[in-house]
Amino acid sequence: ATVNYGASHCSTATAAYSMGDSETHKAAGNAHFKAGDYLKAAAAYTKAIKAAPENHVLYSNRAQAFLKLNKVSKALDDADKCIELDPTFVKGYHRKASALHACGEAAKSEEAAQLLLSVIGSGIDDKELLRLGVQIKGRQFVELVDAQRKKSGEKDADKSNDAETKAGATSGPASKERSDGGERANKEGKGSEAEGAQQAPEVAPKTAEKTAEKVAGAGADKAAAVTAA
């Protein structure tokens with residue numbers, strides 16, 4: 001068999017080059033973004049994505065550049081791709097909610113608020129998400145988050161109570177069986193003691209009778225001996 005080490009080495013080198021190329025374009029995009037040149041920033045991020053298409057951060061960065069350019073639809077697409085690649089990445093949800101709100105429609109803004117509530121409720125809690133929610137819905141968003149947390153706490157308490165109830169129901173029969181077993185053992189023990197107490201008086205008279213017979217026999221022997229003498 002022939003092993004093509006050259007092909008493997010070439011593939012590894014290409015991957016390393018692509019990653020390095022991606023970081024170079026990303027750095028250029030960040031520099032353009034800070035300078036306020038969002039069009040060049042988006043173009044640089046696009047080059048970075050071509051070199052590393054599975055890097056979720058690049059889609060998040062380009063989404064932000066698109067938002068600055070008011071290209072809401074493209075920003076929304078990039079935000080969705082970012083979330084798809086890494087559902088735990090907070091900025092992906094921030095970008096999506098921002099894009100929805102940027103549509104300028106009440107229904108889209110409500111969708112953005114609900115998205116943020118859902119994400120916060122799932123445990124991905126972040127101050128930036130809360131701040132964005134307040135920007136979209138005002139102080140009412142804080143009240144909604146508090147109400148959601150309270151409801152979640154009540155559900156957790158109910159689950160805990162249900163678990164305790166089930167645990168008690170499971171251990172109940174075993175405890176009853178142990179209790180019944182203990183009662184039977186106590187009854188059997190008391191029964192044995194009672195039997196022993198009843199047998200003891202019966203042994204005593206028999207022993208006394210045997211002793212009396214021996215004494216009487218010994219006395220008769222002595223009497224016979226004296227008479228014979």
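This tour visits salt bridges in a predicted model. Residues are numbered from 1 along each chain as its sequence is written, and side-chain values use heavy atoms, with hydrogens and water left out. In this predicted model, local features need pLDDT of at least 70, side-chain atom pairs count only at pLDDT 80 or more, and totals for chains, interfaces and linings use all residues.

**Before you click**

Side chains of opposite charge can pair when their charged atoms come close. A salt bridge here is a side-chain nitrogen of Lys or Arg within 4 Å of a carboxyl oxygen of Asp or Glu. That rule gives six salt bridges.

**Stop one: Lys 40 and Asp 37**

Select Lys 40 and Asp 37. Their closest N and O atoms are 3.9 Å apart, in a salt bridge. Lys 40 is partly exposed, at 48% relative accessibility. (Buried is under 20% relative accessible area, exposed over 50%, partly exposed in between, with a 1.4 Å probe and protein chains only.) Asp 37 is also partly exposed, at 28%.

**Stop two: Lys 96 and Asp 80**

Now select Lys 96 and Asp 80. Their side chains meet in a salt bridge, 3.0 Å from N to O. What does this pair tie together? Lys 96 lies in helix H5 (residues 90–102) and Asp 80 in helix H4 (residues 72–85), so the pair links parts 16 residues apart in sequence. Helices are DSSP runs (H or I, at least four residues), numbered from the N terminus. Asp 80 is partly exposed, at 31%.

**Stop three: Lys 81 and Glu 84**

Finish with Lys 81 and Glu 84. This salt bridge has its closest N and O atoms 3.7 Å apart. Both residues sit in helix H4, three residues apart, so about one helical turn separates them. Is Glu 84 buried or exposed? Glu 84 is exposed, at 57%, while Lys 81 is partly exposed, at 28%.

Definitions and conventions: Helix = DSSP H or I, 4+ residues; strand = E, 2+ residues; numbered from the N terminus.
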